[in-house]
Amino acid sequence: MTSQLPFVLAGILLLTGCGSTAYSKHLSNAYSAYERGDCAEVISQLSETERVSRSRPYLQPEISLLRGQCLERQALYLDAVQVYRYLVDHYPHNEYAYRAGARLETLRQLGHYDPDQPLAPQVR
């Protein structure tokens with residue numbers, strides 16, 4: 001039993017290392033795709049990042065901000081606003097929430113967002 005212990009520990013370390021590099025790889029790929037202007041790939045890579053990083057909720061604000069920026073780049077302003085509002089509401093003291101707040105203000109100044117108007121469709 002004791003002769004197998006090093007192999008078991010090595011296996012555990014290998015498995016935990018693989019998980020952390022998987023989310024890092026996908027997040028890095030998302031940033032690269034954003035730099036190229038490939039928002040479809042960004043969204044795909046962010047979805048993979050979320051899938052493999054469920055045990056790392058501290059990554060969600062970063063993932064959400066990049067998703068919002070991509071939506072904004074695609075002129076999907078109301079969708080971007082929803083993502084930014086989510087960040088501000090759920091992670092108010094996170095650096096990415098501050099950035100999201102700045103994006104909201106920029107969108108407001110550009111006329112793409114009116115904070116006094118409801119974002120959800122009205123039921124009639």
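Rings of Phe, Tyr and Trp (its six-membered ring) are taken as a pair if their centres lie within 6.5 Å. By that cut-off, a search of the whole structure, which is a predicted model, finds 1 aromatic pair.

**Figure 1. The aromatic pair of Y86 and Y91.** Y86 and Y91 form the aromatic pair, with ring centres 6.0 Å apart. Their planes stand at 70 degrees to each other, an edge-to-face arrangement. The call follows because planes over 60 degrees apart count as edge-to-face. Y86 is partly exposed, at 33% relative accessibility. Y91 is partly exposed as well, with a value of 22%.

**Figure 2. The protein chain as a whole.** The secondary structure of the protein chain consists of 5 helices and 0 strands. Along the sequence the pattern reads α-α-α-α-α. The chain has 124 residues, and buried residues make up 30% of them. Among contacts with a separation of 6 or more, 49% come from residues 24 or more positions apart.

**Figure 3. The salt bridge between R67 and E50.** The structure holds 5 salt bridges, one of them formed by R67 with E50. The closest N and O atoms of R67 and E50 are 3.2 Å apart. R67 belongs to helix α3 (residues 60–73) and E50 to helix α2 (residues 39–52), so the pair ties together parts that are 17 residues apart in sequence. R67 is buried, having a relative accessible area of 16%. E50 is partly exposed, with a value of 23%. The two labels differ because buried means under 20% relative accessible area.

**Figure 4. The salt bridge between E95 and R99.** In this view E95 forms a salt bridge with R99, and the closest N and O atoms lie 3.2 Å apart. Both residues are in helix α5 (residues 95–109). Their positions are 4 residues apart, about one turn of the helix. E95 is partly exposed, with a relative accessible area of 44%. R99 also counts as partly exposed, at 44% relative accessibility.

**Figure 5. The salt bridge between E105 and R108.** The side chains of E105 and R108 meet in a salt bridge, with an N to O distance of 2.5 Å. Helix α5 holds both E105 and R108. They are 3 residues apart, about one turn of the helix. The relative accessible area of E105 is 33%, which makes this residue partly exposed. R108, with 37%, is partly exposed too.

**Figure 6. The charge of R73 over the ring of Y34.** The charged end of R73 sits over the ring of Y34. The distance from that charged end to the ring centre is 3.8 Å.

**Figure 7. Helix α3 and its cover.** Helix α3 is mostly covered, with 12 of its 14 residues buried. The buried residues include Q60, P61, E62 and I63. S64, L65, L66, R67 and G68 are also among them, as are C70, L71 and E72. At 1.5 Å a residue, the 14 residues of α3 should span 20 Å. The end C-alpha atoms of α3 are 20 Å apart, which agrees with that expectation.

**Figure 8. The backbone at A75.** Just after α3, A75 takes a positive phi of about 65 degrees. This is a positive value in a residue other than glycine. A75 is placed in the loop between α3 and α4 (77–90). With a relative accessible area of 42%, A75 is partly exposed.

**Figure 9. N29 and T49.** N29 is found in helix α1 (residues 5–36). N29 counts as partly exposed, at 31% relative accessibility. In sequence, N29 and T49 are 20 residues apart. In space, their C-alpha atoms are 9.7 Å apart.

Definitions and conventions. Residues numbered from 1 in each chain as written. Predicted model: local features only at pLDDT ≥ 70, side-chain atom pairs only at ≥ 80, totals over all residues. Heavy atoms only, no water. Salt bridge = Lys/Arg side-chain N within 4 Å of Asp/Glu carboxyl O. Helix = DSSP H or I, 4+ residues; strand = E, 2+ residues; numbered from the N terminus. Buried < 20%, exposed > 50% of the residue type's maximum accessible area, 1.4 Å probe, protein only. Phe/Tyr/Trp six-rings, centres within 6.5 Å; stacked < 30°, edge-to-face > 60°. Lys NZ or Arg CZ within 6 Å of the ring centre and 35° of its normal. Expected span 1.5 Å × (residues − 1). Contact = heavy atoms within 4.5 Å.
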